[in-house]
Amino acid sequence: SYISMIQNLPYAIGFSLLNLLFLPLNWYMNRKKIQSCVRTNFDDRLPFIPLFYFPYLAFFLMIIFGPYLFALYFPLVIYKPIIVSLLIDMFLSMVIWAIFPCIVIKPKHIDHDEHSYFVRKLLSYGRNYGNYNSIPSAHISLITLYFIWLSYLSPSYWSLWISLSIINILSVLLTRQHYIWDVITGVALSFAVFWLVQNIVI
C-alpha cells in the first residue's frame with residue numbers, strides 16, 4: 001500500500017546506497033589486478049548457454065528493484081527483517097571481498113558470431129566493464145535470500161521459489177558470470193543471514 005511504501009522507502013534507499021559501494025570496490029579490484037582464486041575444472045567444463053542471459057538479467061533487476069516492490073507490498077513489521085537481512089548480506093559480502101579479494105575472469109572469446117546481437121552486446125559490455133568480485137556471489141546470495149523470505153512468508157508456493165532459485169543458479173553458472181564456489185558460498189551466506197536475522201538481530 002501507499003502507507004507501507006512511505007514507511008519502508010528509507011530502508012530501500014539505504015540498500016540501494018550500500019549497493020553503490022560495489023562500484024568503487026570493484027574498480028579497486030581491477031586496479032590491483034587481483035587474480036582468480038576459486039576457479040575449478042568443473043567451471044571450465046560447464047557449457048556456455050546464451051539463453052540463460054535472460055533469466056540472469058531478470059534476476060539482476062530483481063536485486064535492484066526488489067526492495068521497492070517488497071516495500072510496496074509488505075507492512076513495516078514484515079518488511080524490516082527482510083531489508084535488514086539484505087543489508088547484512090551485502091555488507092558481509094563486501095567485507096569478504098575486501099579481506100579475501102578474488103575476481104571472476106571473463107572469457108576472452110566464446111564464439112560470438114554464433115549468438116544473437118543481444119548476446120554479443122552483453123559479452124562486449126562485460127569485457128569493457130572488467131572483472132568483478134568473485135566469492136561469495138552477491139547475485140546468488142541476495143536472490144536466494146529473496147526466495148528464502150518468500151518461502152517463509154508464502155510457504156504454499158515453496159516449489160515455485162525453489163525452482164526460481166535453481167534457475168538463478170544455472171543462469172549465473174551457464175553464462176559464466178560466477179564460479180561454482182561463488183555460488184556455494186553465496187547460498188550458504190543467504191541461509192546464515194536469514195538465521196541470524198530471525199534468531200538474533202530482530
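I started with Arg-176, which sits in the loop between α8 and α9 (180-201); helices here are DSSP runs of H or I, at least four residues long, numbered from the N terminus. This is a predicted model, where local features need pLDDT of at least 70 and side-chain atom pairs count only at pLDDT 80 or more, while totals for chains, interfaces and linings use all residues. Residues are numbered from 1 along each chain as its sequence is written, and side-chain values use heavy atoms, leaving out hydrogens and water.

I noted a positive phi of about 60° for Arg-176, although it is not a glycine. Most residues other than glycine have a negative phi. Arg-176 is partly exposed because its relative accessibility is 27% (buried is under 20% relative accessible area, exposed over 50%, partly exposed in between, with a 1.4 Å probe and protein chains only).

Next I looked up Val-38, in the loop between α2 (22-31) and α3 (41-45). Val-38 is buried, at 11% relative accessible area. Beyond four places in sequence, its contacts (heavy atoms within 4.5 Å) include Asp-43, Cys-102 and Trp-181.

Pro-55, Tyr-56 and Phe-59 in α4 meet Leu-164, Ile-167, Asn-168, Ser-171 and Val-172 in α8.

Terms used
Helix = DSSP H or I, 4+ residues; strand = E, 2+ residues; numbered from the N terminus.
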